Amino acid sequence: MLNENSIILYMKNPDPIFYGMMDDLVIQCLKKDNVKIIVTDLEELSVIIGSEFIFLRNGEQIQFDAFLGYGYMAPKHYMDYMYFNFAAFSAGKVTLYSPQTEHVLQNKLLQYAKFSEGQVPFPRCSASFSVQQFKKNLSQFENKAIMKEVVGYEGTGVKLSSNKIQSTEIFCKSLWNGEQAIIQDFVGDSVGRSIRVLVIGGKAVSVTEFQDNIDFKSNGYSDDFKIESKMDSKKKEEYFRLAEKACLAIDSNLTIGGVDIIDSEKNGLVVLEINQWPEITFSEDVTGLPLFEIFGQEFIRKIQQNNNVRL
C-alpha cells in the first residue's frame with residue numbers, strides 16, 4: 001500500500017499547555033493507517049537551504065513526505081515552527097496548511113477580511129492604528145463591545161468592555177504592548193453560548209455547543225462549562241453550511257478547522273472565528289464520532305494525492 005511508503009515527520013508540541021494529550025492521540029490515529037512516523041522535537045530540527053532543501057534531525061539528513069505539528073505554541077516556538085513548515089511546503093512536502101492559509105488562520109483580523117470577501121456573516125469590527133483614530137471610530141459602536149487582540153487563542157486577549165472609556169483603555173494597553181486590538185460588535189443575546197463545528201477536508205463532520213453561565217466566552221475555563229452534542233439539532237445542516245462556507249473563504253480545501261458560531265435570535269448565525277488547531281477530544285467524546293480517525297485519514301489522503309501528482 002502507498003500508505004506504508006509514506007513518511008510523516010511529526011513535531012511534538014514544544015508548549016503542550018492546552019493540548020497535553022493531543023500529540024499522542026494524533027500519532028495513534030495516523031499509525032492506524034500504516035504510515036511511518038518520525039516523532040521529533042522542534043529543538044532537534046534544522047534545515048539547509050541552497051539549490052535544494054536539506055532537512056536534518058540532530059545533524060542527520062532525513063527524508064519525509066509530510067510535516068505535521070498540532071497545537072498552539074509560544075511566539076518564538078511558533079515562529080521557528082513556521083520557518084520549518086515554510087521550508088517543508090516549499091520543498092513540495094505536505095503540511096497541515098499552506099503558509100498563506102496558516103498566516104490568515106493565526107490572525108482574527110485577516111480572517112474577518114476573508115469572511116467579508118466571501119460574504120460570510122460575522123460581527124462587525126474595526127481596526128485602528130492610533131489612539132486618535134480609535135476614539136473617532138468609537139462612535140460607530142455601542143457602549144458595550146468586544147475588545148479582541150487579533151492574535152490569540154483559547155479566549156486570551158478577548159475582553160468584554162462595558163463602556164467606551166474602558167474600550168479605549170484596553171486598546172491603549174494593547175498598543176503599549178505592541179499588539180493589535182480590534183473592537184467588535186457585542187452579540188448580547190448569546191452570552192456564554194457558542195456553536196463549534198469541526199470541518200475536515202472542507203466538509204463539516206460534527207457540531208457541538210459550548211455552554212457557560214459564568215464566562216461570556218464559553219471557552220471552558222469556568223467550573224460551569226459544559227459541552228453538548230448538536231448532531232440531532234434541527235439546525236445542524238444550517239450550522240454545517242455556514243461552517244463550510246467560512247472555511248471555503250479561507251482555503252478551498254482546509255485540512256481542519258474549528259468554526260465557532262453564535263446562534264443569535266437578533267442577528268441570526270454569525271461566525272466568530274476559525275480555530276486552526278481545534279481541540280478534537282471534547283467533540284469526539286460528546287458526539288461519539290471517530291473524529292481523530294477522520295482527521296488522520298484526511299491528512300493521509302493529502303499525502304497520497306501529493307505523491308500521485310509527483311509521480
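The model is a predicted one. Its chain is divided into domain 1 (7-96 + 296-310), domain 2 (104-108 + 113-119 + 189-278) and domain 3 (124-185).

**Domain 1 and domain 2**

- The centres of domain 1 and domain 2, taken over C-alpha atoms, are separated by 27 Å, and the contact takes 15 residues from domain 1 and twelve residues from domain 2.
- Between them, domain 1 and domain 2 bury about 1100 Å², with 54% of that area on carbon and sulfur atoms.
- On the domain 1 side, Tyr70, Tyr72 and Tyr78 supply 43% of the area buried against domain 2, which is more than any other three residues.
- Zero salt bridges are found by the rule across the interface of domain 1 and domain 2.

**Helix H5 and helix H8**

- Two packed helices are described by the angle between their axes and by the distance between the axes.
- For helix H5 (residues 108-117) and helix H8 (residues 236-250), the axes come within 8 Å and cross at roughly 105°.
- Because angles of 65 to 115 degrees count as roughly perpendicular, H5 and H8 are roughly perpendicular to each other.
- Gln111, Lys114 and Phe115 of H5 make the contact with Ala246, Ala249 and Ile250 of H8, and by class this contact of H5 with H8 has four nonpolar, one polar and one charged residues.

Methods
Residues numbered from 1 in each chain as written. Predicted model: local features only at pLDDT ≥ 70, side-chain atom pairs only at ≥ 80, totals over all residues. Heavy atoms only, no water. Axes fitted to C-alpha atoms, helices over the stretch in contact; angles between N-to-C directions. Helix = DSSP H or I, 4+ residues; strand = E, 2+ residues; numbered from the N terminus. Parallel < 35°, antiparallel > 145°, perpendicular 65-115°, else oblique. Contact = heavy atoms within 4.5 Å. Nonpolar A, V, L, I, M, F, W, Y, C, P; charged D, E, K, R; others polar. Domains from an automatic or database assignment. Buried area = accessible area lost by both parts, 1.4 Å probe. Salt bridge = Lys/Arg side-chain N within 4 Å of Asp/Glu carboxyl O.
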